[in-house]
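Please read them with the model open.

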Amino acid sequence: MVNLYYAEEELKQAKKELVEMSKSDQFHDAEKHWRNFLNHLDKVWTKAQHGCEGLQGKYQQLNNFVRDKRKNDKLLQYLWQARNADQHSVQTLAAFDIIPGSRPDLNTPFQLHRLDDKGNVVETTTHYPHPAEFRLRNVTNKGVIYLPPDYHNGRPVLKRHNPYVVGQLALKFYEEQLNKIKAI
């Protein structure tokens with residue numbers, strides 16, 4: 001008998017974390033939701049496997065397909081390894097970074113002042129902020145570096161550093177796999 005209740009609950013939680021991450025404008029919150037997303041996403045297939053224990057035939061073929069995809073598909077491999085890096089190391093998985101190719105905002109400059117020992121301004125420099133976004137970072141697991149995914153299902157990932165885009169593609173993949181189990 002198939003029991004996908006727990007797998008579907010993990011999928012719901014992963015979706016929720018991804019939405020919360022996308023709404024966050026604070027690094028700490030965004031990264032927390034990203035890490036939570038990775039953990040719930042990984043549990044989707046683990047719970048599906050446990051909910052299908054004893055099944056053979058078409059399910060085993062599907063399970064082998066997903067296992068191979070997680071190892072070889074750039075997007076699924078990256079997310080799996082990012083989850084592993086989160087569990088087994090201390091590293092930054094994503095960060096607010098300057099958008100490559102962006103230009104500084106010349107309308108909102110800010111100034112930094114260097115002070116002497118008495119608090120007098122001795123130098124002032126003007127800076128112009130660059131637009132930034134929450135972006136995926138390379139992750140390292142067991143000495144292997146995994147880059148943000150450039151391909152998924154044989155197609156380019158156009159915004160490979162965007163965790164929301166990458167997360168949505170992964171959610172779609174796992175949702176499709178759960179639907180295939182239901183059709184068996």
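1. A cavity here is a set of points, on a 1 Å grid over the protein atoms alone, where a 1.4 Å probe fits but cannot get out; lining residues have an atom within 4 Å of a point. Points are joined across faces, edges and corners, and a volume is the space filled by probe spheres set on them. The largest cavity holds about 60 Å³. The structure has one cavity of 30 Å³ or more.

2. This is a predicted model: local features need pLDDT of at least 70, side-chain atom pairs count only at pLDDT 80 or more, and totals for chains, interfaces and linings use all residues. Numbering runs from 1 along each chain as its sequence is written, and side-chain values use heavy atoms, with hydrogens and water left out.

3. Lining the largest cavity are Leu 38, Leu 41, Asp 42, Arg 70, Leu 76, Leu 79, Trp 80, Arg 83 and Tyr 174. Six are nonpolar, none polar and three charged (Ala, Val, Leu, Ile, Met, Phe, Trp, Tyr, Cys and Pro count as nonpolar; Asp, Glu, Lys and Arg as charged; the others, Gly among them, as polar). Helix α4 gives the most to this lining, with four residues (helices are DSSP runs of H or I, at least four residues, numbered from the N terminus).

4. Phe 37 deserves a look. Leaving aside residues up to four places away in sequence, Phe 37 touches Ala 14, Glu 17, Leu 18, Gly 167 and Leu 171 (contact means heavy atoms within 4.5 Å).

Definitions and conventions
On a 1 Å grid over the protein atoms alone, a cavity is a set of points where a 1.4 Å probe fits but cannot get out, and a pocket is an open set with protein on both sides within 12 Å along at least five of seven lines; lining residues have an atom within 4 Å of a point. Helices (H or I, at least four residues) and strands (E, at least two) are DSSP runs, numbered from the N terminus.
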